[in-house]
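Reader: I would like a close look at one part of this structure, and then at what surrounds that part. Please keep it brisk.

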Amino acid sequence: ERQRLSDEKDVLGFYLSGHPLAEYQDLLRTFNTVTTQRVNGLNEGQPLVIGGEVVGVRHSLTKRKEPMLRFSLEDTDGLVEVIVWPDLLGRHKTYLVKGAMLFIVGRVDRSGEESKVVATDIVPFAHAYPRLSKSLHLFLPTTTGVEQLAVFKSTFAQYSGRTPVWLHLQTGHHGEVVERLPDRYGVTVDPKLLEQLQQLIDADRIRVEG
């Protein structure tokens with residue numbers, strides 16, 4: 001599927017039968033703070049996280065003759081130019097190739113006619129959950145008991161990390177009770193962790209915030 005879409009883009013200049021980002025829509029909804037279409041409406045220096053496909057990579061040199069890079073990041077709305085300065089390029093150059101699926105953490109640069117993004121960090125889609133997750137929320141039904149809570153905590157221990165876990169408990173008398181678990185139950189959010197949690201509760205009761 002990816003190859004067919006790539007061939008369409010090379011021949012036609014656009015995707016005809018789909019878009020390679022279609023399978024990543026849940027990931028983009030979780031971590032994007034903006035889309036390419038909205039970057040021009042942001043203020044100078046405003047921080048953002050934006051995900052997409054790398055296209056149009058252009059290598060150049062700074063005034064100090066250090067290698068830097070510019071590329072276009074494409075999402076389903078359009079394109080935005082991304083600037084990668086030498087220090088960041090040295091750490092992430094293996095990711096910065098045509099067709100790579102990346103989240104760009106950065107800030108808005110409005111120095112030209114079109115707003116650009118100056119990258120401060122680069123996160124491949126495959127690393128997005130552990131690196132970009134800020135909190136994990138579980139919305140538990142009224143039938144949740146002590147034994148099931150113990151299973152959740154045991155699961156968290158397998159993925160120990162620094163992302164805080166919040167429990168949203170539905171009670172009969174007090175409505176929703178929200179509790180942040182102690183830091184010792186913090187997790188490293190990982191697709192395998194989410195799969196395990198989905199064996200315990202429905203997927204729509206699990207929310208990751210980026």
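Author: Start with the largest pocket, which has 16 lining residues. Asp26, Thr30, Tyr129, Leu194 and Gln198 lie nearest its centre. A pocket here is an open set of points on a 1 Å grid over the protein atoms alone, where a 1.4 Å probe fits and protein lies on both sides within 12 Å along at least five of seven lines; lining residues have an atom within 4 Å of a point. This is a predicted model, in which local features need pLDDT of at least 70 and side-chain atom pairs count only at pLDDT 80 or more, while totals for chains, interfaces and linings use all residues. Residues are numbered from 1 along each chain as its sequence is written, and side-chain values use heavy atoms, without hydrogens or water.

The volume of the largest pocket is about 410 Å³, counted as the space filled by probe spheres on grid points joined across faces, edges and corners. Its lining holds 10 nonpolar, two polar and four charged residues. Asp, Glu, Lys and Arg count as charged; Ala, Val, Leu, Ile, Met, Phe, Trp, Tyr, Cys and Pro as nonpolar; the others, Gly among them, as polar. At least two lining residues come from each of α2, α5, α7 and β10. Helices (H or I, at least four residues) and strands (E, at least two) are DSSP runs numbered from the N terminus.

Buried means under 20% relative accessible area, exposed over 50%, partly exposed in between (1.4 Å probe, protein chains only). This core has 30 residues, and Phe31, Phe103, Leu136, Leu138, Phe156 and Leu197 touch the most other members.

Look at Leu138. Beyond four places in sequence, Leu138 touches Phe152, Phe156, Trp166, Leu167, His168, Leu197, Ile201, Arg205 and Ile206. Contact means heavy atoms within 4.5 Å. Leu138 also stands opposite Leu167 in β8. There, β6 and β8 pair in the parallel sense over five bridges; pairing needs at least two DSSP bridges.

Next along is Phe139, also in β6. Outside four places in sequence, Phe139 contacts His168, Glu176, Arg205 and Arg207. Its C-alpha is 7.7 Å from that of Gln170, 31 residues apart in sequence.

β8 has another partner. It runs antiparallel to β9 (residues 175–180), joined by six bridges. One of the bridges links Thr171 with Gly175. Three residues separate β8 and β9 in their hairpin.

Now take Ile201, in the loop between α7 and β10. Ile201 counts as buried because its relative accessibility is 6%. Setting aside neighbours within four places, Ile201 contacts Leu138, Leu140, Gln148, Phe152 and Ile206. The Ile201 and Leu140 C-alpha atoms are 7.7 Å apart, across 61 residues of sequence.

Finally, the whole chain. It has seven helices and 10 strands. Of its 210 residues, 40% count as buried.

Conventions: A nonpolar core is a set of buried Ala, Val, Leu, Ile, Met, Phe, Trp, Tyr and Cys residues joined through side-chain atoms within 4.5 Å.
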